[in-house]
Amino acid sequence: MPPGPPPSPGPRGWARCLDNVADLLRRGAWYPIVDDSDDDKVVIEVRKKPVRISRVDVTVREAPPDQWSVVVRTGVLRPTLGGREGEEVTTTYAVCPQCQERQDFSGKPDAMKCLRCKKESKVDWSETC
Ligand SMILES: [Zn+2]
């Protein structure tokens with residue numbers, strides 16, 4: 001038998017959740033896949049715990065994330081938050097690919113430096129979460 005490729009260490013891939021599971025996972029954050037042996041589900045590590053999630057609910061990539069995810073969410077203000085009732089507000093923030101910290105930004109930067117882990121990464125403008 002010819003020798004196969006050596007087993008690759010580390011995660012089997014990375015998963016980012018779609019909107020409908022954002023309660024469980026942080027929007028815009030990539031989580032390492034620890035088991036992808038099931039056809040319908042992947043197991044990802046969330047805060048050191050394995051979480052089984054449907055493949056249809058996540059975006060999967062093989063390479064480690066190296067760009068900020070841009071999260072855009074639109075919500076309706078509640079009067080308790082000081083706005084006019086029913087007013088729509090859009091909140092935009094980026095999620096660090098290294099430490100998953102949320103960070104605000106203004107304009108449309110090409111790259112940002114994380115205030116928490118001090119690493120600079122490019123910003124992924126190709127899609128928003
Ligand atoms: Zn960071």
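This is a predicted model: local features need pLDDT of at least 70, side-chain atom pairs count only at pLDDT 80 or more; totals for chains, interfaces and linings use all residues.

**The overall picture**
- The protein chain has zero helices and 10 strands.
- Read from the N terminus on, the elements go β-β-β-β-β-β-β-β-β-β.
- Of the 129 residues in the protein chain, 18% are buried.
- Looking at contacts between residues at least 6 apart in sequence, 41% join residues at least 24 apart.

- Five strands form an open sheet in the order 8-7-6-10-9, and the pairing is mixed.
- Strand 8 (102-103) and strand 9 (111-113) sit at the edges with a single partner strand each, so one side of each has no neighbour in the sheet.
- As a rule, strands of a sheet pair through backbone hydrogen bonds, either parallel or antiparallel.

**Who pairs with whom in that sheet**
- Strand 6 (residues 67-76) runs parallel to strand 10 (residues 120-128), and four bridges join them. Here Ser 69 stands opposite Asp 124 of strand 10.
- Strand 6 also pairs with strand 7 (residues 88-95), this time in the antiparallel sense and over eight bridges. Val 71 has Tyr 93 in strand 7 as its bridge partner.
- Strand 9 and strand 10 are an antiparallel pair with three bridges. Met 112 has its bridge partner, Ser 121, in strand 10.

- Is Asp 40 buried or exposed? Asp 40 counts as exposed, because it has 8 C-beta neighbours inside 10 Å, and the cut-off for exposed is 12 or fewer.
- Setting aside neighbours within four places in sequence, Asp 40 is in contact with Ser 54 and Arg 55.
- Val 56 is 16 residues away from Asp 40 along the chain, and their C-alpha atoms are separated by 7.9 Å.

- Where is Pro 64? Pro 64 lies in the loop between strand 5 (58-61) and strand 6.
- Pro 64 is partly exposed, because 13 other C-beta atoms lie within 10 Å.
- Trp 30 and Pro 64 are 34 residues apart along the chain, with 8.6 Å separating their C-alpha atoms.

Definitions and conventions:
Residues are numbered from 1 along each chain as its sequence is written. Two strands pair if DSSP finds at least two bridges between them. Helices (H or I, at least four residues) and strands (E, at least two) are DSSP runs, numbered from the N terminus. A residue is buried if 20 or more other C-beta atoms lie within 10 Å of its own, exposed if 12 or fewer, and partly exposed in between; C-beta atoms are placed from the backbone. Two residues are in contact if their C-beta atoms, placed from the backbone, lie within 7 Å.
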